[in-house]
Amino acid sequence: MKRNQRDTKTRILDAAETLFAAKGFHNTSLRDITKDAGVNLAGVNYHFGSKESLFEEVFKRHFLPVNRIRLGRLEEIRDNAARNRSRPAARKVLQAFIAPVVYFRKTEPGAAAFITLVIRTMSEQDDRLREILMGYFRPTFLLCLDILCEALPHIPKSILFWRLQFSIGTMSHTMHMLDQSRMFPEGVVPVYDVESMTDMIVSFVTAGMETQ
């Protein structure tokens, strides 16, 4: 019974994630989701209670494990710097923030749809939906920003804030582009391995973060 419940819940989450990414929250009905998941409406109500709760669970199941890795790595960088009485390295901070997302995008089934959903939600007019996203995004962002301020104390926090925003934009666009090979001009070869992609993104945003 428990296994069947987990399978049903996963099917609902997978269907909701795909449909929310493709059509948006308001243009996706619970009936759309139940049809795609092959379950009845009672199953959605039992596991999630409402469409908004289901929307939040879609974010929760991916953000929590990624954030756990991010927070652990960022805190380790800060602790090591304090132990050595040195400043954190900006590149290491950005690596800790970006690498888990690249790994998730390259290894997790359904990651492409989730990245699309995140980008779509950022431009939502509905404050409730954006706040759900920000609730999972804000803690790691603020910690990353604080440690960057420790790494680059000569640069005002307001400048680092915007540079971190630009870095997130670079990362998000790159994650969204990975499967869009038809948009690559002739002679441009897609990068498929996690390490190379992470290194290119981190090198690019570190240069921008550290510039005077």
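Modeller: Gladly, and please keep in mind that this is a predicted model. A place to begin is S172, which, leaving aside its neighbours within four places in sequence, is in contact with I115 and I119.

Biologist: Which helix is S172 found in, and is it buried or exposed?

Modeller: S172 is found in helix α8, which covers residues 157-177. S172 counts as buried because its relative accessible area is 18%, and the cut-off for buried is under 20%.

Biologist: Next topic, the domains: what does the assignment give?

Modeller: The domain assignment gives domain 1 as residues 1-49 and domain 2 as residues 55-210. The contact between them takes 14 residues from domain 1 and 15 residues from domain 2, while the C-alpha centres of domain 1 and domain 2 lie 28 Å apart.

Biologist: How much area is buried between domain 1 and domain 2, and which residues of domain 1 supply it?

Modeller: About 1,200 Å² is buried between domain 1 and domain 2, with carbon and sulfur atoms giving 60% of that area. On the side of domain 1, E17, A21 and F25 supply 47% of the area that this domain buries against domain 2, which is more than any other three residues.

Biologist: And the polar side of things, how many salt bridges and polar contacts are there between domain 1 and domain 2?

Modeller: The count between domain 1 and domain 2 is two salt bridges, and the rule finds seven residue pairs in polar contact across the interface, both residues being at pLDDT 80 or more. The residues of domain 1 that touch domain 2 divide into seven nonpolar, four polar and three charged.

Biologist: What does R61 meet in a salt bridge?

Modeller: R61 forms a salt bridge with D14, where the closest N and O atoms are 2.8 Å apart. That pair links distant parts of the chain, since D14 is in helix α1 (residues 2-23) and R61 is in helix α4 (residues 51-84), 47 residues apart. The side chain of R61 also meets that of E17 in a salt bridge, at 3.3 Å from N to O.

Biologist: Why do D14 and R61 count as partly exposed?

Modeller: D14 is placed there because its relative accessibility is 37%, and R61 because its relative accessible area is 25%.

Biologist: How many salt bridges does a search of the whole structure find?

Modeller: The search finds eleven salt bridges in the whole structure. Among them is the one between K157 and D146, with closest N and O atoms 3.7 Å apart, and this pair links helix α8 to helix α7 across eleven residues of the chain. Another joins R130 to D127 at 2.3 Å between the closest N and O atoms; because R130 and D127 are three residues apart in helix α7, they are separated by about one helical turn.

Biologist: Before we stop, where does D126 lie, and what is its side chain joined to?

Modeller: D126 lies in the loop between α6 (111-122) and α7, and a polar contact of 2.7 Å joins its side chain to that of R128. D126 is buried, with a relative accessible area of 13%.

Biologist: And E150, what is it in contact with?

Modeller: Leaving aside its neighbours within four places in sequence, E150 is in contact with R78, R87 and P88. E150 has its place in helix α7, residues 127-151, and is partly exposed at a relative accessible area of 33%.

Terms used:
Residues numbered from 1 in each chain as written. Predicted model: local features only at pLDDT ≥ 70, side-chain atom pairs only at ≥ 80, totals over all residues. Heavy atoms only, no water. Helix = DSSP H or I, 4+ residues; strand = E, 2+ residues; numbered from the N terminus. Buried < 20%, exposed > 50% of the residue type's maximum accessible area, 1.4 Å probe, protein only. Contact = heavy atoms within 4.5 Å. Polar contact = N/O pair within 3.5 Å; in protein donor to acceptor, adjacent residues only side chain to side chain. Domains from an automatic or database assignment. Buried area = accessible area lost by both parts, 1.4 Å probe. Salt bridge = Lys/Arg side-chain N within 4 Å of Asp/Glu carboxyl O. Nonpolar A, V, L, I, M, F, W, Y, C, P; charged D, E, K, R; others polar.
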